[in-house]
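Let's take a walk through a protein model together.

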Amino acid sequence: MSLLTMESASSERRRGGALTAIDAGYSDVEKLAQWVGKVDLTGNMLTSLDFLGGDVSCAKVGRNKITSLKGLGACTELKTLDVTENPLEDLSGVEEIKGLNVLVAARCSAIGTPSSIAAVTKLSQLHTLVLRDVPLNDVSLAPVCQMKTLTKLSLSNCCLKKLPWSSKPHRLTNLRELRISNNQLTALDTFMLGCSALKILDLGSNKLTNDCLKVIKGIKHLTHLTLKGNPFAEEDNYCDMVMSSCRGKLKYLDDGHATQDLEEKKKRKREAADLTRNPPKKKKEQEEVVEPVQSNTVRKNVILIAVKQDFTADYEEEDANLFQIKNPTTGSSRSERDSGLRVASSGKGKHQKVVQREVNAKVDSAVSFLLNQPSY
């Protein structure tokens with residue numbers, strides 16, 4: 001549908017048409033908010049939410065100038081409300097939204113009052129509460145820990161020194177995600193074991209020691225754990241320590257795949273140990289050892305072939321002169337010719353053995369001499 005003015009949009013609305021793009025001014029916001037199911041007015045100059053209509057199911061109004069949440073009782077369909085970074089005095093009035101499921105009130109510095117927390121605890125259908133970057137303490141948060149409907153709770157960077165249920169057992173039995181990073185926690189108490197459904201736990205950037213693992217290992221269904229930024233997370237055996245405590249049930253540790261990271265660290269550790277036991281030889285040493293051996297071997301083979309050929313040729317020429325046999329077809333009887341051939345053959349065989357020994361001896365002597373000549 002093309003861009004509509006508020007007047008034409010009103011007519012289209014009455015005919016049951018779908019509205020996708022409207023040219024609306026600031027004065028038309030109230031009327032517009034009564035028509036649509038989701039409103040995102042982040043980063044404007046709104047001072048109140050009394051314009052929200054009964055059909056709105058999701059309202060994102062972060063970074064405005066809203067100071068109060070009172071008068072929202074008419075928003076019967078509102079399920080999600082995001083009031084991040086508004087100068088709210090407190091959260092009083094939010095309890096009027098009976099069907100609210102998600103409340104995001106991050107960076108609203110003045111809402112950490114008992115009246116604010118009391119208003120939140122009256123939301124019987126609330127399952128997600130985000131109070132990130134809001135100054136709080138464990139006493140003021142204690143009522144929140146009695147909300148059995150909560151499945152996600154974010155209390156990161158809230159200046160907490162203790163967990164909010166340190167003084168009294170909680171009822172967060174359905175809590176699946178707890179983010180409580182960037183605080184000042186020094187220890188975990190056993191009340192956390194009551195979070196039997198907890199799967200995601202973010203405790204990063206606190207002051208925890210490895211004693212916290214005694215509590216964490218008792219959380220049966222935990223799959224995602226963040227502990228980076230704590231003092232003991234800097235230790236060399238940190239990953240092994242956490243994985244052995246959790247007995248392999250973790251899938252992710254510190255935003256990384258726990259099993260793969262552990263295997264990679266073990267592999268690097270083995271490789272480092274192997275290098276320590278068997279350090280690689282330096283390149284220069286390898287050249288000094290290997291190259292002369294290869295050079296001498298090649299030189300010896302070349303010299304041996306050349307010298308042997310020379311000596312063998314000389315002795316073969318001498319053999320031919322020494323054992324030259326007259327033409328057996330003339331000047332002799334058959335028996336004399338046969339006898340002469342046998343004598344010549346026998347003498348030649350003995351002579352060849354002597355020749356071979358002499359050749360080998362002279363070859364070895366010549367090779368040894370030539371190998372020691374630097375100019376060869």
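## The overall picture

Among the contacts in the protein with a separation of 6 or more, what percentage comes from residues 24 or more positions apart? Such residues account for 40% of those contacts.

Keep in mind as you read that this is a predicted model. The protein has nine helices and 13 strands. There are 376 residues, and 36% of them count as buried.

## How confident is the prediction?

The mean pLDDT of the protein is 77, and 63% of its residues reach 70 or more. Over residues 1-6 the pLDDT is below 50, and this stretch has 22 contacts in the model beyond near neighbours in sequence. The pLDDT is also below 50 over residues 325-331, a stretch with four contacts beyond near neighbours in sequence. Where pLDDT is low, the predicted coordinates should not be read in detail.

## The nonpolar core

Now let's turn to the inside. The largest nonpolar core has 75 residues. Leu49, Leu81, Leu201, Ile216, Leu227 and Val242 are the residues with the most contacts inside this core. Three helices each supply at least two residues of the core: H3 (114-120), H5 (213-216) and H6 (238-246). H6 gives the most to the core, with six residues.

Leaving out residues up to four places away in sequence, Leu227 touches Leu203, Gly204, Cys212, Leu213, Ile216, Phe232, Ala233, Tyr238, Val242 and Asp254.

## Cysteines without bridges

How many disulfides does a search of the whole structure find? The search finds zero. Cys195 and Cys212 let you see the reasoning for two of the cysteines.

The closest cysteine sulfur to that of Cys195 is in Cys145, and because the two are 8.3 Å apart, they are too far for a bond. For Cys212, the closest cysteine sulfur is in Cys246, at 9.3 Å, so this pair is also too far for a bond. Cys195 is buried, with a relative accessible area of 1%, and Cys212 also counts as buried, at 3% relative accessibility.

Is Ser92 buried or exposed? Ser92 has a relative accessible area of 18%, so it counts as buried, the cut-off being under 20%. Ser92 sits in the loop between strand S5 (80-82) and strand S6 (102-104). Apart from its neighbours within four places in sequence, Ser92 is in contact with Leu69, Lys70, Ser115 and Ala119.

Ser154 lies in strand S8 (residues 152-154). Ser154 counts as buried because its relative accessibility is 6%, and the limit is under 20%. Not counting residues up to four places away in sequence, Ser154 touches Leu129, Val130, Leu131, Arg132 and Arg179.

## A loop residue and its partners

Our last stop is Lys162, found in the loop between S8 and strand S9 (177-179). Which residues does Lys162 touch, not counting residues up to four places away in sequence? They are Asp138 and Leu185. In sequence, Lys162 and Leu185 are 23 residues apart, while in space they are 5.7 Å apart, C-alpha to C-alpha.

Terms used: Residues are numbered from 1 along each chain as its sequence is written. This is a predicted model: local features need pLDDT of at least 70, side-chain atom pairs count only at pLDDT 80 or more; totals for chains, interfaces and linings use all residues. Side-chain values use heavy atoms; hydrogens and water are left out. Helices (H or I, at least four residues) and strands (E, at least two) are DSSP runs, numbered from the N terminus. Buried means under 20% relative accessible area, exposed over 50%, partly exposed in between (1.4 Å probe, protein chains only). Contact means heavy atoms within 4.5 Å. pLDDT is the predictor's confidence in each residue, from 0 to 100. A nonpolar core is a set of buried Ala, Val, Leu, Ile, Met, Phe, Trp, Tyr and Cys residues joined through side-chain atoms within 4.5 Å. A disulfide is a pair of cysteine sulfur atoms within 2.5 Å.
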